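Reader: Hi, I have a model open and a few quick things to ask. Could you walk me through it?
Author: Happy to, go ahead.

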Amino acid sequence: MHSSIGIGLRAPHYQVMLAERPDVGWLEVHSENYFEPHSRAFHVLSQLAEDYPISLHGVGMSLGSSDTLDGAHLAQLRALLTAIKPARISEHLSWGSVDGRHFNDLLPMPYTQQALVQMSDKIKAVQDQLGRELLIENPSSYLQFEAGMPEWEFLAQLQQRSGCGLLLDLNNLYVSAFNHGFPCTEYLAAIDLDTVKEIHLAGFTDKSLEQGHLYIDTHSCPVVEPVWALYRDICVRRTIPTLIEWDLEIPALTVLIAEADKASEITELTMARRQERHHV
């Protein structure tokens, strides 16, 4: 498998990962699940970090909230960074807390100038405290605020103002594009691929409602062909570390690795074509 291709590490696969050390390029975990240094999860991650690069993907920082940064959360994340020495750290373009009370979800933001300034300042503060670049992931969404700029414009300006990197989730993009009726091409045209340091690929659920269909980002099934097509288009231009993400109805590890093999084949094929064009 190409070294740029990774899989999400989930608890049902701990034992087989430790025993077999499969041929994958890297692993990603949800940071908050490994904050407790005496837990089994932390012990497993510490062992696997000896053999695989690790990417830490946070879900609890609530960067889009008006709440101040949670110092205790940052201290735990900083301790995890020191212990694991990850290749990348990421969070979400979302919010999830009010007055310190957290929701169990990544909620959509108003893409206003005020929100842009506020979130940019918080990202810069996090990067200063951690001494590391933070990657920000585009969300999947089902509702939009009427006021504000398009998400792709907000995300591009956020990167420029804060100096963060981007985590481009192509499944989230495809889901949101369907739900809100915008073209994926317009979104991708606004994103500077040089700022994209990681890509996520996953599956979604098509829910049939009275009003029509709604795509829900469940990460519970294989990647669909239109998302693979978006990935091929990006790979033609650049090779970017890519994750196969699967969070619900988690299958056998061999299923994740088979999906990762598809990403690896696309990566290697497009790299070969780029080299051929370079030598012509």
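Reader: Is K122 buried or exposed?
Author: K122 is buried, at 9% relative accessibility. Buried means under 20% relative accessible area, exposed over 50%, and partly exposed in between, with a 1.4 Å probe and protein chains only. A word on the source: this is a predicted model, where local features need pLDDT of at least 70, side-chain atom pairs count only at pLDDT 80 or more, and totals for chains, interfaces and linings use all residues. Residues are numbered from 1 along each chain as its sequence is written, and side-chain values use heavy atoms, with hydrogens and water left out.

Reader: Thanks! Where does K122 sit?
Author: K122 belongs to helix α4, residues 113–130. Helices (H or I, at least four residues) and strands (E, at least two) are DSSP runs, numbered from the N terminus. The C-alpha of K122 is 7.2 Å from that of L69, although the two are 53 residues apart along the chain.

Reader: Switching to cysteines: how many disulfides are there?
Author: The count is 0 disulfides, taking a disulfide as a pair of cysteine sulfur atoms within 2.5 Å.

Reader: Which residues are buried in α8?
Author: Those are V227, W228, L230, Y231, I234 and C235. They lie on the same side of α8 because they cover an arc of only 155 degrees around the axis, an arc taken from the directions from the helix axis to the C-beta atoms. The face turned away from that buried side carries the exposed residues D233 and R237.

Reader: Last topic: how many cavities of 30 Å³ or more are there?
Author: The search of the whole structure finds 1. On a 1 Å grid over the protein atoms alone, a cavity is a set of points where a 1.4 Å probe fits but cannot get out, and lining residues have an atom within 4 Å of a point.

Reader: And what lines the largest cavity?
Author: The lining includes S31, E32, H73, I89 and L134. Strand β4 (88–92) and helix α3 (71–84) each supply at least two residues, and β4 gives the largest share, with 3.

How values were computed: On a 1 Å grid over the protein atoms alone, a cavity is a set of points where a 1.4 Å probe fits but cannot get out, and a pocket is an open set with protein on both sides within 12 Å along at least five of seven lines; lining residues have an atom within 4 Å of a point. Grid points are joined across faces, edges and corners, and a volume is the space filled by probe spheres set on the points.
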